[in-house]
Amino acid sequence: MDVVMTIAGADSGGGAGIQADLKTFQELKVFGTTVITALTAQNTLGVQGIFPTSPDFVLQQLTSVFSDFHVKAVKTGMLFSAEIIEVIANYLQQKDVQLVIDPVMIAKGGESLLQKEAVDALKNTLLPIATVLTPNIPEAEVISGIKIENEDHMTKAAHTMLQYGVQCVVMKGGHSKELNTATDKVYLADGTSFSMISKRIHTKHTHGTGCTFSAAITSFLGRGLSLKEAMIEAKKFVQLAIENPLNIGHGHGPTNHFAYQQRKGQYEVIVDES
């Protein structure tokens with residue numbers, strides 16, 4: 001059994017964070033372990049409260065899991081503070097794992113989930129040891145310092161982020177201005193790139209999509225798929241999860257983590273290497 005890990009905040013509403021990650025892991029047949037960085041009082045309408053974990057306890061959780069399990073891939077989500085980020089980076093740099101970073105900064109309702117001083121810690125300590133970084137456009141603007149208004153800006157921002165040492169940057173297209181398609185652009189450290197293109201789904205039920213996408217990449221990497229294969233299958237997973245909503249909650253509803261297995265992973269993702 002392949003073992004993976006999520007390091008993130010807990011979402012009491014169950015749609016994002018640790019809960020979304022574990023649901024994704026289970027559906028993709030990997031064994032999920034957790035390190036909880038914060039507790040949140042949260043639902044589809046927003047975040048009502050945050051209670052961070054101490055950096056010492058984050059380290060204790062990491063040490064406990066790694067002392068007993070052979071963890072193949074790790075993803076990070078909500079990390080909250082510079083102190084927590086530095087503890088995680090110092091620990092993981094000693095481990096032979098693939099690391100997927102979802103740079104969670106803002107909740108769907110607009111609440112900040114990452115302290116401002118933590119961005120520098122993310123860039124300087126975690127990105128140099130990361131395999132994959134999965135920012136949406138607003139997150140990429142914060143990390144790169146570049147305003148993204150077109151594809152040239154996107155490429156420049158991705159290359160700026162690659163310079164921190166991460167092997168691969170996936171620029172998610174959910175915030176782009178495309179009306180009918182959702183294009184995720186993948187930039188690799190070797191200078192190559194490709195696009196993953198799918199139908200844009202017009203819905204408000206997108207709570208936890210970033211968590212789910214990065215957790216799916218982590219699952220497939222943990223199972224031994226290549227980086228490119230993991231990206232494409234993760235794209236299918238999250239697209240099916242969005243396209244088949246559960247229609248629960250009164251705000252930005254959660255995605256449907258059951259959909260990938262129910263549809264036997266059948267979804268058309270166009271891969272453009274031009």
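1. Which residues on the other side of H2 are exposed? They are Asp56 and Gln60, exposed meaning over 50% relative accessible area and buried under 20%, with partly exposed in between (1.4 Å probe, protein chains only). The model is predicted: local features need pLDDT of at least 70, side-chain atom pairs count only at pLDDT 80 or more, and totals for chains, interfaces and linings use all residues. Residues are numbered from 1 along each chain as its sequence is written, and side-chain values use heavy atoms, without hydrogens and water.

2. In H2, the buried residues are Val58, Gln61, Leu62, Val65 and Phe66. Seen down the axis of H2, these buried residues fall within an arc of 120°, so they line one face of the helix; the arc is that of the directions from the helix axis to the C-beta atoms. An α-helix has 3.6 residues a turn, so residues three or four places apart point the same way.

3. The buried residues of H2 pack against strand E1 (3-11), strand E2 (31-43), strand E4 (71-76) and helix H3 (82-92). Helices (H or I, at least four residues) and strands (E, at least two) are DSSP runs, numbered from the N terminus.

4. Lysine 172 lies in the loop between strand E7 (168-171) and strand E8 (181-188). Lysine 172 counts as buried because its relative accessibility is 11%. Among the residues that lysine 172 touches, not counting those up to four places away in sequence, are Asp102, Thr134, Asp184 and Phe213; contact means heavy atoms within 4.5 Å. A polar atom of the lysine 172 side chain is 3.1 Å from the backbone oxygen of threonine 134.

5. The protein chain holds nine helices and 10 strands. Of its 274 residues, 57% count as buried.

Technical notes. Polar contact = N/O pair within 3.5 Å; in protein donor to acceptor, adjacent residues only side chain to side chain.
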